[in-house]
Amino acid sequence: MDFLLGRSVETMVAVAVAVVAVAVGGAFLLRRSKKPKGCLDPENFKEFKLVEKKQISHNVAKFRFALPTPTSVLGLPIGQHISCRGQDATGEEVIKSYTPTTLDCDLGNFQLVIKMYPQGRMSHHFREMKVGDYMSVKGPKGRFKYQVGQVRAFGMLAGGSGITPMFQVARAILENPNDKTKVHLIYANVTSEDILLKEELDSMAEDYPDRFKIFYVLNQPPEVWNGGVGFVSQEMIKTHCPAPAEDIQILRCGPPPMNKAMAAHLEALGYTNEMQFQF
């Protein structure tokens with residue numbers, strides 16, 4: 001009897017240990033699979049501290065803002081943007097939308113690449129910001145919702161600072177090993193100095209040669225230049241973007257005159273409204 005009792009106790013202990021192990025393992029897997037909660041609030045502005053300001057050119061800078069913890073995520077869906085609130089030169093409140101160049105895989109911070117115009121109201125606020133200052137941010141915002149495999153290929157027509165949503169979408173696609181979508185980007189600027197994120201874009205083209213193509217267009221090119229010259233034309237779109245089809249989409253983001261011209265070009269080339277999206 002003592003022998004049987006001992007075996008019974010050993011069995012109960014083993015079962016208890018196994019149950020605890022399963023429970024702990026299940027909790028660990030639950031924590032791993034649970035998507036972290038984002039820091040944004042679509043209804044209320046929240047404050048984020050500027051921890052780095054890096055000047056890229058005379059009127060462009062990168063602003064890096066800290067999230068509450070090193071493992072926090074911003075919580076911004078791919079292709080959407082945020083509202084930033086500041087003050088213009090007269091002290092009046094101003095709110096403007098921007099697209100971060102970071103993704104939710106970039107933990108603990110988010111980054112904005114800002115082109116600051118001389119008369120820009122929000123440009124004044126960014127120009128005056130110093131490390132340690134706080135930015136009021138609200139979001140997410142936007143009509144664009146991306147899902148892996150929703151199209152075979154994207155064509156992208158960007159002008160100036162309109163590159164930021166394109167960069168965000170392209171980066172999310174290319175860095176996802178399960179996403180086979182191809183990206184064809186035409187990026188227009190006035191001069192070569194105006195090209196934002198050029199180093200990052202060229203690196204993407206080099207790292208993903210079969211999935212990412214970029215064609216630069218300059219209105220005032222340097223003497224040595226192998227890209228497009230002038231304004232984006234129908235011929236450039238026909239050459240560098242996917243042809244009209246049900247499984248492609250053309251994304252547009254640039255100054256209003258460019259957006260209007262691109263819409264006319266796309267219509268003339270046979271792209272339906274369903275094949276287009278303007279940020």
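Modeller: Helix H3 (residues 163–174) and helix H4 (residues 198–207) pack with their axes 12 Å apart and at an angle of about 30°, where axes are lines fitted to C-alpha atoms over the stretch in contact and angles run from 0 to 180 degrees between N-to-C directions. Helices here are DSSP runs (H or I, at least four residues) and strands are E runs of at least two, numbered from the N terminus. This is a predicted model, in which local features need pLDDT of at least 70 and side-chain atom pairs pLDDT 80 or more, while totals for chains, interfaces and linings use all residues. Residues are numbered from 1 along each chain as its sequence is written, and side-chain values use heavy atoms, without hydrogens and water.

Biologist: How are H3 and H4 oriented to each other?
Modeller: Angles under 35 degrees count as roughly parallel, over 145 as roughly antiparallel, 65 to 115 as roughly perpendicular and the rest as oblique; H3 and H4 are therefore roughly parallel. Their contact (heavy atoms within 4.5 Å) is made by Ile 163, Phe 167, Ala 170, Arg 171 and Leu 174 of H3 with Glu 200, Leu 201 and Met 204 of H4.

Biologist: What volume does the largest pocket have?
Modeller: On a 1 Å grid over the protein atoms alone, a pocket is an open set of points with protein on both sides within 12 Å along at least five of seven lines, a cavity is a set where a 1.4 Å probe fits but cannot get out, and lining residues have an atom within 4 Å of a point. The largest pocket has a volume of about 920 Å³, a volume being the space filled by probe spheres set on points joined across faces, edges and corners. Of its 43 lining residues, the closest to the centre include Gly 159 and Pro 255.

Biologist: How many cavities of 30 Å³ or more are there?
Modeller: The count is 1, and the largest cavity has a volume of about 50 Å³.
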